[in-house]
Amino acid sequence: MVERLKTVIFLSFFLAIGLLAIILSCALWSNWLPLLVALIFVLAPLPNALFAHCGSDDFSNEYESTPAVDLGRFITSIVVVTGFALPLILQHAEVIKPAASYMSIVGGSLVYGTILAYSQVFKQDTEEF
Amino acid sequence: MSVPRADYDPRRIFLISCPSLPFFKHRRAIGVYAAGALFALAHAMFFDACALSAHAKPPPDAPYDTVPVHVTFVDWIPGIFTTLGLLIINLIDKERLLSEGSYGGEPTIIWRARLFLFIGFALMAGGLAGSVSLLVLKYIIQNYEPRFQYYGYANVAQNVALMLAAVILWLAQHASSEYEYNLQL
């Protein structure tokens with residue numbers, strides 16, 4: 001119970017740092033386009049979470065994936081790569097400063113890593129039922 | 001997973017089989033993720049060219065010149081065609097193509113599946129050819145500066161990456177079930 005609590009506290013700490021980096025990258029240059037990165041990375045696990053339940057019923061094993069699960073993975077991968085590519089595009093077109101783009105990328109990957117780690121850590125709970 | 005011995009498996013070609021690495025059972029997922037990443041990368045390259053064109057400034061020694069060329073709707077067309085082709089090819093149920101005659105008395109289904117597959121491949125090839133011809137006709141023949149020719153090269157790179165994504169997605173969908181049927185098209 002105590003280590004669960006520690007995990008939650010650490011994960012929320014990383015989430016806060018990631019959001020801080022993204023918001024700083026917007027506010028320091030008063031250009032709020034990098035905030036889109038936070039939105040994209042928050043939406044990234046959504047397709048996998050939705051389509052994971054369409055796939056397997058009780059009779060099919062875990063490695064036999066259906067087209068719906070594949071579609072979820074495809075969309076997830078698209079969203080994640082878009083989240084990394086968008087600040088670089090904006091930086092290349094000289095819309096945002098390079099420092100802002102790197103900060104938003106680091107912040108976005110922290111946010112996404114937090115979400116992934118959270119779903120990995122607390123996945124075992126539901127499987128016991 | 002128990003693979004039959006070489007003497008018994010008629011599909012084996014090589015004497016020494018490829019060792020099965022631990023991530024081989026996840027290769028379908030890995031392939032699908034890689035295809036999605038390539039798909040997003042392709043469109044990122046093209047949108048990069050679009051954003052550059054939208055923010056292009058005339059050279060500093062002649063600030064009142066107009067920028068000679070922009071990314072217009074014409075540049076979008078090859079990408080749209082290739083994306084449509086990718087979707088059509090990968091939405092076809094592969095078992096319809098491979099199960100020749102096992103759905104007895106329904107040859108029209110196989111025929112229709114092949115027709116759509118042909119349309120998809122034609123769209124992809126047309127998109128790639130269109131992007132190359134766009135690069136040549138719109139950017140290279142007109143002798144623009146290299147920073148404007150980059151728009152055309154980004155377009156070709158987008159279409160090549162989309163084709164690669166389609167190939168990887170096609171292979172990944174076969175990966176898990178290759179012991180049930182071997183690829184015959």
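**Close-up views of a predicted model**

View 1. When neighbours within four places in sequence are left aside, the residues in contact with B:Tyr151 are B:Ala49, B:Ser53, B:Val71, B:Asp75 and B:Tyr139. B:Tyr151 itself belongs to helix H5 of chain B, which covers residues 146-175. Because 25 other C-beta atoms lie within 10 Å of B:Tyr151, and 20 or more is the cut-off for a buried residue, B:Tyr151 counts as buried. B:Gly126 stands 25 residues from B:Tyr151 along the chain, and the C-alpha atoms of these two residues are separated by 19 Å.

**View 2. The packing of helices H1 and H2 in chain A.** Helix H1 of chain A (residues 2-27) packs with helix H2 of chain A (residues 35-43) at an angle of about 150 degrees, and their axes are 8 Å apart. Since angles over 145 degrees count as roughly antiparallel, H1(A) and H2(A) are therefore described as roughly antiparallel to each other. H1(A) contributes A:Leu19, A:Ile22 and A:Cys26 to this contact, while H2(A) contributes A:Leu35, A:Val37 and A:Ala38. Sorted by class, the contact has 6 nonpolar residues, with no polar and no charged ones.

**View 3. Helix H1 of chain A and its buried residues.** From its first C-alpha to its last, the 26 residues of H1(A) reach 37 Å, which is close to the 38 Å expected at 1.5 Å a residue. The buried residues of H1(A) are A:Gly18, A:Ala21, A:Ile22, A:Ser25 and A:Cys26, and they pack against H2 and helix H5 (98-121) of chain A.

**View 4. The contact between chains A and B.** Here 18 residues of chain B are in contact with 18 residues of chain A. The side of chain B that touches chain A is made up of 12 nonpolar, 3 polar and 3 charged residues.

Definitions and conventions:
Residues are numbered from 1 along each chain as its sequence is written. Chains are lettered from A and ligands numbered from 1 in the order in which they are written. This is a predicted model: local features need pLDDT of at least 70, side-chain atom pairs count only at pLDDT 80 or more; totals for chains, interfaces and linings use all residues. Two residues are in contact if their C-beta atoms, placed from the backbone, lie within 7 Å. Ala, Val, Leu, Ile, Met, Phe, Trp, Tyr, Cys and Pro count as nonpolar, Asp, Glu, Lys and Arg as charged, and the others, Gly among them, as polar. Axes are lines fitted to C-alpha atoms, for helices over the stretch in contact, and angles run from 0 to 180 degrees between N-to-C directions. Helices (H or I, at least four residues) and strands (E, at least two) are DSSP runs, numbered from the N terminus. Angles under 35 degrees count as roughly parallel, over 145 as roughly antiparallel, 65 to 115 as roughly perpendicular and the rest as oblique. The expected span of a helix is 1.5 Å times one less than its number of residues. A residue is buried if 20 or more other C-beta atoms lie within 10 Å of its own, exposed if 12 or fewer, and partly exposed in between; C-beta atoms are placed from the backbone.
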